[in-house]
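Q: Hi! I'm new to this one, could you walk me through it?
A: Happy to, here it is.

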Amino acid sequence: PSLYKAVQIGQRLLYAAGSFEEANPSIVKRMAATIALSSEANAALFVTALNAVSARDVAVRLGSMPLTTIAYLHRLQQSGPLTAGVINRDVWGQVVADVPVRVEERV
């Protein structure tokens, strides 16, 4: 499959299963391999919106990072689930709160 298809599969898997740990491991591995083989990314972040109503509500970021960062995250993950805040801070170089924030438009 193409990179686009692999990302769509990831979105569907995460939306349906709730986490990649709960999804079919062989499908997750094939999706990850396809992303790696069809792009320069060695990291993918899939985040389901709090009010998600479909797989299209799963946001995706692809990136490339040093192996040392991947090893660091793997060690962190051994002690518990990684939050989007930890990943954003340590991988994407952004500071994002671990709690969801709702932004409302004012007219």
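**A first walk-through**

A: Let's start at a helix end: α3 is followed by Gly80, whose phi is positive, near 155°. Helices (H or I, at least four residues) and strands (E, at least two) are DSSP runs, numbered from the N terminus. This is a predicted model, where local features need pLDDT of at least 70 and side-chain atom pairs count only at pLDDT 80 or more, while totals for chains, interfaces and linings use all residues. Residues are numbered from 1 along each chain as its sequence is written, and side-chain values use heavy atoms, leaving out hydrogens and water.

Q: Which glycine comes just after α1, and what is its phi?
A: That is Gly18, with a positive phi of about 90°.

Q: And how many residues does α1 have?
A: Helix α1 has 15 residues and spans 21 Å from first C-alpha to last, close to the 21 Å expected at 1.5 Å a residue. The expected span is 1.5 Å times one less than the number of residues.

Q: Which residues of α1 are buried?
A: They are Ala6, Val7, Gln8, Gly10, Gln11, Leu13 and Leu14. Buried means under 20% relative accessible area, exposed over 50%, and partly exposed in between (1.4 Å probe, protein chains only). The cover over them includes α2, β1 and β2 (58–63).

Q: What makes up the largest nonpolar core?
A: Eleven residues: Ala6, Val7, Leu13, Leu14, Ala23, Val28, Met31, Ile35, Ala41, Phe46 and Val58. Such a core is a set of buried Ala, Val, Leu, Ile, Met, Phe, Trp, Tyr and Cys residues joined through side-chain atoms within 4.5 Å. Two or more residues each come from α1 (3–17) and α2 (25–37), and α1 gives the largest share, four residues.

Q: New topic: how many aromatic pairs are there?
A: A search of the whole structure finds one. The ring centres of Phe20 and Phe46 are 5.4 Å apart with planes at 85°, so this pair is edge-to-face. Rings of Phe, Tyr and Trp (its six-membered ring) pair if their centres lie within 6.5 Å; planes under 30 degrees apart count as stacked, over 60 as edge-to-face and the rest as tilted.

Q: Why does that pair tie together parts that are apart in sequence?
A: Because Phe20 lies in the loop between α1 and α2 and Phe46 in strand β1 (residues 43–48), the pair links parts 26 residues apart in sequence.

Q: Is Phe46 buried or exposed?
A: Phe46 counts as buried, at 10% relative accessibility, whereas Phe20, at 25%, counts as partly exposed.

Methods:
Contact means heavy atoms within 4.5 Å.
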